[in-house]
Amino acid sequence: MIFVPIRISTLKSEVPFVFDLYLKMKDKYVLYIKRGDDIRTVRLSKLKENKVRQMFIPEEQELEYQNYLDQSLTEAAHNVMMSSEEKAHAANGYSTQAADEIQQDPGSKKSYVKAEKAAKGIVEILTNNNDVLKTIFKNNLPDGQEGNSELMIKHSVNVATLAVKFGEISKFKKSVLENFGMAGLFHDVGLTRLGIKAVELMFKPYENFGPDDWAIYKAHPREATSILQDKEYVSKEVLDLIKQHEEKKSGDGFPEKITKLSIEQQSFNLCCHYSRQVVCLKITPAEVLKNLMLNDIGNYELKTLNLFKEMLQKEGLF
Ligand SMILES: [Fe+2]
């Protein structure tokens, strides 16, 4: 039997599963929950406490799992009785699974379609609810147990959700928010594609970069673009957001040192910059904000910086 990994964060307790769920123990797949049974809340919490991130389903049940995921996201988007915490759980689980699949296979239509669904779901959930962003962002802060590729996934989900909320507060169109969600999940995939050394640079402050580090790091927006640019299902707007996510209004960004950046692009780039500092470099939000106001005045519009600060305060992120 062939097994495919799924994220434990996508599972709901006390709801019968429409697929068989397996645990991997020393190269063996052990049936953990049978189709039709559910998982008790306590048992699910125990798995999470033990830092189990992945479980497995038989490959032939992938469609059932996808339908289960889609239903969970749709319910979270439209059920007004559901708590903010449950909504955050559904949005985070779906986005994390999408970011994971992007990391494994960034150019596939399957990954792109999943990211599209995730983006539409997080827009619905975040724009209609308070407290959801805070729960997702805190859930994706480093816990000291995860490796770099897991942190890259957390960073992607945080950029996607942060940018959607910032887009809403900035009064951007819904289609822009959906593009932010998509681009957030994809934007740093070029680093993963460039290899372990490139990914390690996400966790190293720029002050410590040598010339070789910069050469590798500066290649990552183009690497991501090259994977996606010839695909007929990829939108130009999403591609541009990814391509320009390291550019700065001052011209100090890369790879093209573009100085004419739209407010939407600047807002997205600010979310990428902020999440890298907090999630990957583990700098406190207060310190990042202080540095933004001291060092980045020329890199982003002042009103964008002020609005961003306002959002972090209002959403309880620092
Ligand atoms: Fe980046």
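A163 touches F180, G184, F268 and C271, when residues up to four places away in sequence are not counted. The model discussed here is a predicted one, and every contact described below is to be read as a feature of that prediction.

The domain assignment of the protein gives domain 1 as residues 1–78 and domain 2 as residues 84–314. Taken over C-alpha atoms, the centres of domain 1 and domain 2 are separated by 27 Å. Their contact draws 11 residues from domain 1 and 15 residues from domain 2.

On the side of domain 1 that touches domain 2, β1 (3–7) and α2 (62–78) each supply at least two residues, and α2 gives the most, with six residues. Sorted by class, this side of domain 1 has five nonpolar, three polar and three charged residues.

## Helices α11 and α12

Helix α11 (residues 220–228) packs with helix α12 (residues 236–243) at an angle of about 160°, and their axes are 8 Å apart. That angle makes α11 roughly antiparallel to α12.

From α11, the contact is made by P221, A224, T225 and L228, while α12 contributes L239, I242 and K243. By class, the contact of α11 with α12 has five nonpolar residues, one polar residue and one charged residue.

## Buried positions in helices

L126 has its place in helix α4, residues 109–127, and L126 is buried, with 26 other C-beta atoms within 10 Å. Not counting residues up to four places away in sequence, L126 touches V132, L133, T161, V164, K165 and E168. Between L126 and A88, which are 38 residues apart along the chain, the C-alpha atoms are separated by 8.4 Å.

E178 lies in helix α7, residues 174–186. Is E178 buried or exposed? E178 has 22 C-beta neighbours inside 10 Å and therefore counts as buried, since 20 or more are needed for that class. Leaving aside its neighbours within four places in sequence, E178 is in contact with A119, K120 and V123.

## V279 in helix α13

V279 lies in helix α13 and is buried, with 23 other C-beta atoms within 10 Å. Its contacts, not counting residues up to four places away in sequence, are with N140, L141, P142, L151, K154, H155 and N158. By contrast, the C-alpha atoms of V279 and R43, which are 236 residues apart along the chain, are separated by 28 Å.

## Backbone features in loops

A cis peptide bond joins F254 and P255, with omega at about 5°. P255 is found in the loop between α12 and α13 (263–280).

K26 is not a glycine and yet has a positive phi, of about 45°; its place is in the loop between β2 (21–25) and β3 (28–33). With 5 C-beta neighbours inside 10 Å, K26 counts as exposed. K282 likewise has a positive phi, here of about 55°, although it is not a glycine, and K282 is found in the loop between α13 and α14 (285–295). K282 is exposed as well, with 12 other C-beta atoms within 10 Å, because a residue with 12 or fewer falls in the exposed class.

Technical notes: Residues numbered from 1 in each chain as written. Predicted model: local features only at pLDDT ≥ 70, side-chain atom pairs only at ≥ 80, totals over all residues. Domains from an automatic or database assignment. Contact = placed C-beta atoms within 7 Å. Helix = DSSP H or I, 4+ residues; strand = E, 2+ residues; numbered from the N terminus. Nonpolar A, V, L, I, M, F, W, Y, C, P; charged D, E, K, R; others polar. Axes fitted to C-alpha atoms, helices over the stretch in contact; angles between N-to-C directions. Parallel < 35°, antiparallel > 145°, perpendicular 65-115°, else oblique.
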